[in-house]
Amino acid sequence: MEYLSKERYDEIAAELDNLISVEYPKIKDALSEARAQGDLSENFEYRAARRAQAKTISRIRFLQKVLTFSRVIDTKNLPKGEVTLLSRVEFTNLANNARMTYTIVSPHEMNLQEGKISLKSPIGEALMGRKEGDIVEAHAPAATLKLRIEKID
(Lines give C-alpha, C1' and ligand atoms only; values in the text may rest on other atoms or scores of the structure.)
Protein backbone atom coordinates (compact mmCIF):
# COMPACT_ATOMS: atom_id res chain seq x y z
CA MET A 1 0.00 0.00 0.00
CA GLU A 2 1.24 3.47 -0.89
CA TYR A 3 0.31 6.71 0.82
CA LEU A 4 -0.22 9.82 -1.28
CA SER A 5 -0.95 13.45 -0.61
CA LYS A 6 -4.40 14.60 -1.69
CA GLU A 7 -2.84 16.73 -4.46
CA ARG A 8 -0.90 13.82 -5.97
CA TYR A 9 -3.90 11.49 -5.74
CA ASP A 10 -5.97 14.07 -7.65
CA GLU A 11 -3.21 14.49 -10.28
CA ILE A 12 -3.08 10.73 -10.89
CA ALA A 13 -6.89 10.51 -11.08
CA ALA A 14 -6.97 13.40 -13.58
CA GLU A 15 -4.27 11.77 -15.74
CA LEU A 16 -6.17 8.49 -15.70
CA ASP A 17 -9.40 10.20 -16.66
CA ASN A 18 -7.66 12.03 -19.52
CA LEU A 19 -6.12 8.81 -20.83
CA ILE A 20 -9.45 6.97 -20.76
CA SER A 21 -11.73 9.70 -22.06
CA VAL A 22 -9.45 11.66 -24.44
CA GLU A 23 -6.28 9.85 -25.48
CA TYR A 24 -7.58 6.30 -25.87
CA PRO A 25 -10.48 7.32 -28.16
CA LYS A 26 -8.00 9.25 -30.35
CA ILE A 27 -5.86 6.12 -30.64
CA LYS A 28 -8.88 4.00 -31.52
CA ASP A 29 -9.77 6.47 -34.28
CA ALA A 30 -6.19 6.40 -35.58
CA LEU A 31 -6.31 2.58 -35.64
CA SER A 32 -9.58 2.58 -37.57
CA GLU A 33 -8.20 5.07 -40.05
CA ALA A 34 -5.00 3.06 -40.52
CA ARG A 35 -6.97 -0.18 -41.03
CA ALA A 36 -9.04 1.50 -43.71
CA GLN A 37 -5.87 2.14 -45.73
CA GLY A 38 -5.61 -1.53 -46.60
CA ASP A 39 -2.52 -3.76 -46.34
CA LEU A 40 -1.57 -3.85 -42.64
CA SER A 41 1.77 -5.64 -43.14
CA GLU A 42 3.46 -2.52 -44.55
CA ASN A 43 1.30 0.12 -42.90
CA PHE A 44 3.47 2.35 -40.70
CA GLU A 45 0.52 4.32 -39.33
CA TYR A 46 -1.15 1.11 -38.17
CA ARG A 47 1.98 -0.12 -36.37
CA ALA A 48 2.49 3.29 -34.74
CA ALA A 49 -1.14 3.38 -33.58
CA ARG A 50 -0.83 -0.16 -32.15
CA ARG A 51 2.31 0.84 -30.22
CA ALA A 52 0.54 3.94 -28.89
CA GLN A 53 -2.45 1.80 -27.93
CA ALA A 54 -0.26 -0.68 -26.03
CA LYS A 55 1.59 2.12 -24.25
CA THR A 56 -1.64 3.86 -23.28
CA ILE A 57 -3.28 0.66 -22.02
CA SER A 58 -0.18 -0.09 -19.97
CA ARG A 59 -0.21 3.39 -18.42
CA ILE A 60 -3.95 3.15 -17.69
CA ARG A 61 -3.49 -0.19 -15.91
CA PHE A 62 -0.54 1.14 -13.91
CA LEU A 63 -2.44 4.23 -12.77
CA GLN A 64 -5.49 2.14 -11.88
CA LYS A 65 -3.30 -0.06 -9.68
CA VAL A 66 -1.69 2.96 -8.04
CA LEU A 67 -5.09 4.41 -7.17
CA THR A 68 -6.46 1.04 -6.03
CA PHE A 69 -3.61 0.40 -3.63
CA SER A 70 -3.10 3.99 -2.42
CA ARG A 71 -4.49 5.85 0.53
CA VAL A 72 -4.70 9.60 0.94
CA ILE A 73 -2.79 10.89 3.96
CA ASP A 74 -4.70 12.94 6.51
CA THR A 75 -1.99 15.35 7.66
CA LYS A 76 -3.89 16.15 10.87
CA ASN A 77 -3.28 12.61 12.16
CA LEU A 78 0.48 12.62 11.61
CA PRO A 79 2.66 12.84 14.75
CA LYS A 80 4.32 16.21 15.40
CA GLY A 81 8.04 16.57 16.09
CA GLU A 82 8.90 13.36 14.27
CA VAL A 83 9.84 12.74 10.63
CA THR A 84 6.88 11.18 8.83
CA LEU A 85 5.49 11.16 5.33
CA LEU A 86 5.00 14.77 4.09
CA SER A 87 7.41 16.15 6.71
CA ARG A 88 9.69 18.95 5.55
CA VAL A 89 13.09 18.14 7.05
CA GLU A 90 16.13 20.36 7.28
CA PHE A 91 19.34 18.45 7.98
CA THR A 92 23.10 18.90 7.89
CA ASN A 93 25.54 16.53 6.24
CA LEU A 94 28.19 16.27 8.96
CA ALA A 95 30.96 15.39 6.49
CA ASN A 96 30.86 18.78 4.74
CA ASN A 97 28.42 20.84 6.86
CA ALA A 98 26.10 21.23 3.87
CA ARG A 99 22.53 22.03 4.87
CA MET A 100 19.69 20.53 2.87
CA THR A 101 15.91 20.69 3.09
CA TYR A 102 13.64 18.04 1.63
CA THR A 103 10.06 16.92 1.95
CA ILE A 104 9.57 13.19 2.53
CA VAL A 105 7.01 11.84 0.03
CA SER A 106 5.84 8.56 -1.48
CA PRO A 107 7.80 7.15 -4.44
CA HIS A 108 5.03 8.36 -6.80
CA GLU A 109 5.60 11.98 -5.75
CA MET A 110 9.40 12.04 -5.70
CA ASN A 111 10.92 15.01 -7.53
CA LEU A 112 14.41 16.21 -6.59
CA GLN A 113 14.01 19.50 -8.46
CA GLU A 114 11.07 20.33 -6.18
CA GLY A 115 12.94 19.14 -3.07
CA LYS A 116 10.91 15.96 -2.61
CA ILE A 117 12.63 12.68 -1.76
CA SER A 118 11.08 9.25 -1.46
CA LEU A 119 10.60 7.67 1.94
CA LYS A 120 12.10 4.56 0.31
CA SER A 121 15.34 6.34 -0.65
CA PRO A 122 18.37 5.76 1.60
CA ILE A 123 18.10 9.25 3.11
CA GLY A 124 14.32 9.04 3.46
CA GLU A 125 14.53 5.66 5.19
CA ALA A 126 17.19 6.92 7.58
CA LEU A 127 15.16 10.00 8.53
CA MET A 128 11.77 8.32 9.04
CA GLY A 129 10.64 8.27 12.68
CA ARG A 130 13.52 10.42 13.91
CA LYS A 131 13.36 13.68 15.88
CA GLU A 132 15.13 17.05 15.80
CA GLY A 133 18.75 16.79 16.94
CA ASP A 134 19.06 13.10 16.05
CA ILE A 135 22.12 12.01 14.10
CA VAL A 136 21.38 9.30 11.54
CA GLU A 137 23.39 7.29 9.06
CA ALA A 138 22.07 6.98 5.51
CA HIS A 139 23.63 4.15 3.54
CA ALA A 140 23.62 5.59 0.01
CA PRO A 141 25.20 3.71 -2.91
CA ALA A 142 28.13 6.13 -3.12
CA ALA A 143 28.85 6.45 0.61
CA THR A 144 27.45 6.35 4.11
CA LEU A 145 26.22 9.81 5.09
CA LYS A 146 26.02 11.09 8.66
CA LEU A 147 23.15 13.55 8.94
CA ARG A 148 21.95 15.70 11.83
CA ILE A 149 18.28 16.66 11.80
CA GLU A 150 18.01 20.40 12.39
CA LYS A 151 14.31 21.16 11.89
CA ILE A 152 11.08 19.32 11.13
CA ASP A 153 7.97 21.04 9.74
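## Cores, loops and an aromatic pair in a predicted model

Ala95 is situated in the loop that joins E3 to strand E4 (98-105); helices (H or I, at least four residues) and strands (E, at least two) are DSSP runs, numbered from the N terminus. The structure is a predicted model, in which local features need pLDDT of at least 70 and side-chain atom pairs count only at pLDDT 80 or more, while totals for chains, interfaces and linings use all residues. Residues are numbered from 1 along each chain as its sequence is written, and side-chain values use heavy atoms, with hydrogens and water left out.

**Loop residues**

The relative accessible area of Ala95 is 75%, so Ala95 is exposed. In the terms used here, buried means under 20% relative accessible area, exposed over 50%, and partly exposed in between (1.4 Å probe, protein chains only). The C-alpha atom of Ala95 is separated by 54 Å from that of Lys26, 69 residues apart along the chain. Asn97 also lies in the loop between E3 and E4, and Leu86 is found in the loop between strand E2 (70-72) and E3. Leu86 and Asn97 are residues other than glycine with positive phi values, tabulated below.

| Residue | Phi | Relative accessibility |
|---|---|---|
| Leu86 | near 75° | 23%, partly exposed |
| Asn97 | near 55° | 58%, exposed |

**Nonpolar cores**

A nonpolar core is a set of buried Ala, Val, Leu, Ile, Met, Phe, Trp, Tyr and Cys residues joined through side-chain atoms within 4.5 Å. The largest such core comprises 13 residues, and Val83, Val89, Ile123 and Leu127 have the most contacts inside it. At least two residues of this core come from each of strand E3 (88-93), helix H3 (122-127), strand E6 (135-139) and strand E7 (144-152). A second, separate core has eight residues, including Leu4, Ile60, Val66 and Leu67.

With contact defined as heavy atoms within 4.5 Å, and residues up to four places away in sequence not counted, Val89 touches Val83, Met100, Thr101, Tyr102, Ile104, Leu127, Ile149 and Lys151.

**Aromatic pair**

One aromatic pair is found in a search of the whole structure. Rings of Phe, Tyr and Trp (its six-membered ring) pair if their centres lie within 6.5 Å; planes under 30 degrees apart count as stacked, over 60 as edge-to-face and the rest as tilted. Phe91 and Tyr102 form a stacked pair, at 6.1 Å centre to centre and 25° between the planes. Because Phe91 lies in strand E3 and Tyr102 in strand E4, the pair ties together parts that are eleven residues apart in sequence. Phe91 is buried, with a relative accessible area of 0%, whereas Tyr102 is partly exposed at 21% relative accessibility.
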